[in-house]
Amino acid sequence: MSARFARRLALAFALTSCLASTALAQSPAPACGGDLGAFLNGVKAEAISMGASANAADEALAGAQIDQKVLSRDRAQGVFRQTFLEFSQRTVSQARLDIGRQKIKQYADVFARAEKEFGVPPGVITAFWGMETDFGAVQGDFNTRNALVTLSHDCRRPQLFRPQLIALIEMVQHGDLNPATNTGAWAGEIGQVQMLPEDIIAHGVDGDGDGHINVKTSSPDAILTAAKFIQSMGFKPGQPWMQEVTLPENLPWDKSGLGNEIPASEWFKLGVTPRDGVTTFGNLPAALILPQGRKGPTFLTYPNFNIYLEWNQSFIYTTSAAYFATRLAGAPTYQKGTPEQGLDDGGMKALQTKLEALGHDIGKVDGILGSGTRQAVQKEQARLGLPADGWPTQSLLSAL
């Protein structure tokens, strides 16, 4: 799955669900499937009704084809099975840190503008830049127009992708995209920070002053567009997003985890100690997150962490991206700790099956340590008198 896809899918699904009750009675849902030519004619008519020119729609849709590779990728999306230590050490490598710091120096003026106008510091933008495309080096090789036509025509999730296809036509009309040659991710994300057409239309910034917004080839455009988009998600200037901490032996572990925020000052009173010694944000709500349990790396997350959850809903990706940004901002390498051995795929599925039988809503039995499984694990640990840190181990599986 592309890094941006999960976030956008959830948002789009929520939006269309909210609108369905009022819109359904007024007009039918956008067509999908059937003859491709007829489908494209419908897209063209919709685009024109929304302000696009007929010429732009014709140019954008001319030669459009169904890409079976896109459908295959959509049907066989990968899943996160790596631990935080495994994934973060691979993605936040020394080489990537070095390149990120070089990019911050190279585009110092652009980053200064991003922080002045949108309140987003260089490290936050650069971490996403590195995580998404290795600073523009790997942007995807799927024709964007064909990918969006394919996913809009497919009746699995047209409510997500058809608006992106309409937005792509608008980009063509602006002269910001060549539909015949533009490539990107299989799910339609474009450019150095992998943004969908609607987001580019809404938040695009011409960073290099050429009169166009090209997040694929112009790093200034990509940096400033990302900054404006991050601002739109609620990033607060001058506030932290994540802070590594050390922990005492005994804590109310059941209070840990995303969604269990208390004032950071309360964590400090309990003995949670920031490694950087900064306690000036004690008035902010903070969650104690333990990606691999209480014996692994440990962090406090603050309200700005929510923008990472908006960008991507994978806990491991989100935490790694936030950690990457702290490193670019000057934080040291995290303390790995000595986390207890987790469960393999078979063990996780066996655990999820037991949790489900106990009445917990963990979603699918898929071997993935998602939020539902973490919460269920935490509840069962507490019930059994174990430290309720949300990390599934063989001892928990055996106890159940």
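This dialogue walks through selected features of a predicted model.

Q: What kind of model is this, and how are residues numbered?
A: This is a predicted model, in which local features need pLDDT of at least 70 and side-chain atom pairs count only at pLDDT 80 or more, while totals for chains, interfaces and linings use all residues. Residues are numbered from 1 along each chain as its sequence is written, and side-chain values use heavy atoms, with hydrogens and water left out.

Q: How are strands paired into a sheet, and what order do the strands of the open sheet have?
A: Helices (H or I, at least four residues) and strands (E, at least two) are DSSP runs, numbered from the N terminus. Two strands pair if DSSP finds at least two bridges between them. Here an open sheet of five strands runs in the order β4-β6-β7-β3-β5, with antiparallel pairing. Strands β4 and β5 (273–274) stand at the edges, each with a single partner strand, so one side of each has no neighbour in the sheet.

Q: Is strand β6 mostly covered or mostly exposed?
A: Burial is read from relative accessible area: buried means under 20%, exposed over 50%, and partly exposed in between (1.4 Å probe, protein chains only). Strand β6 (residues 285–289) is mostly covered, with four of its five residues buried.

Q: How is a crossing of two helices described, and at what angle do α3 and α10 cross?
A: Axes are lines fitted to C-alpha atoms, for helices over the stretch in contact, and angles run from 0 to 180 degrees between N-to-C directions. The axes of helix α3 (residues 54–61) and helix α10 (residues 158–174) come within 9 Å and cross at roughly 110 degrees. Angles under 35 degrees count as roughly parallel, over 145 as roughly antiparallel, 65 to 115 as roughly perpendicular and the rest as oblique. Helices α3 and α10 are therefore roughly perpendicular to each other. Residues A56, A57, E59, A60 and L61 of α3 meet L165, L168, I169, V172 and Q173 of α10 in this contact.

Q: Where is P179, and which residues does P179 touch?
A: P179 sits in the loop between α10 and β2 and is buried, with a relative accessible area of 3%. Leaving out residues up to four places away in sequence, P179 touches E59, A60, N143, R145 and V172. P179 and A60 are 119 residues apart in sequence but 5.5 Å apart in space, C-alpha to C-alpha.

Q: Is K364 buried or exposed?
A: K364, in the loop between α16 and α17 (371–383), is exposed, with a relative accessible area of 66%. From C-alpha to C-alpha, K364 and T353 are 9.3 Å apart in space, and they are eleven residues apart in sequence.

Q: What counts as an aromatic pair, and how many are there?
A: Rings of Phe, Tyr and Trp (its six-membered ring) pair if their centres lie within 6.5 Å; planes under 30 degrees apart count as stacked, over 60 as edge-to-face and the rest as tilted. By this rule there are twelve aromatic pairs. One of them is the tilted pair of F84 and Y334, 5.4 Å centre to centre with 45 degrees between the planes. This pair links distant parts of the chain, 250 residues apart: F84 is in helix α5 (residues 84–91), and Y334 is in the loop between α15 (315–328) and α16 (345–357). Both F84 and Y334 are buried. Ring pairs also link F128, F229, F305, Y308 and W311 into a cluster.

Q: Where do D134 and Q194, with their positive phi values, lie?
A: D134 is not a glycine, yet its phi is near 55 degrees; D134 lies in the loop between α8 (122–133) and β1 (142–143). Q194, also not a glycine, has a positive phi of about 55 degrees and is found in the loop between β2 (183–184) and α11 (197–203). D134 is partly exposed, with a relative accessible area of 33%, whereas Q194 is buried at 6%.

Definitions and conventions: Contact means heavy atoms within 4.5 Å.
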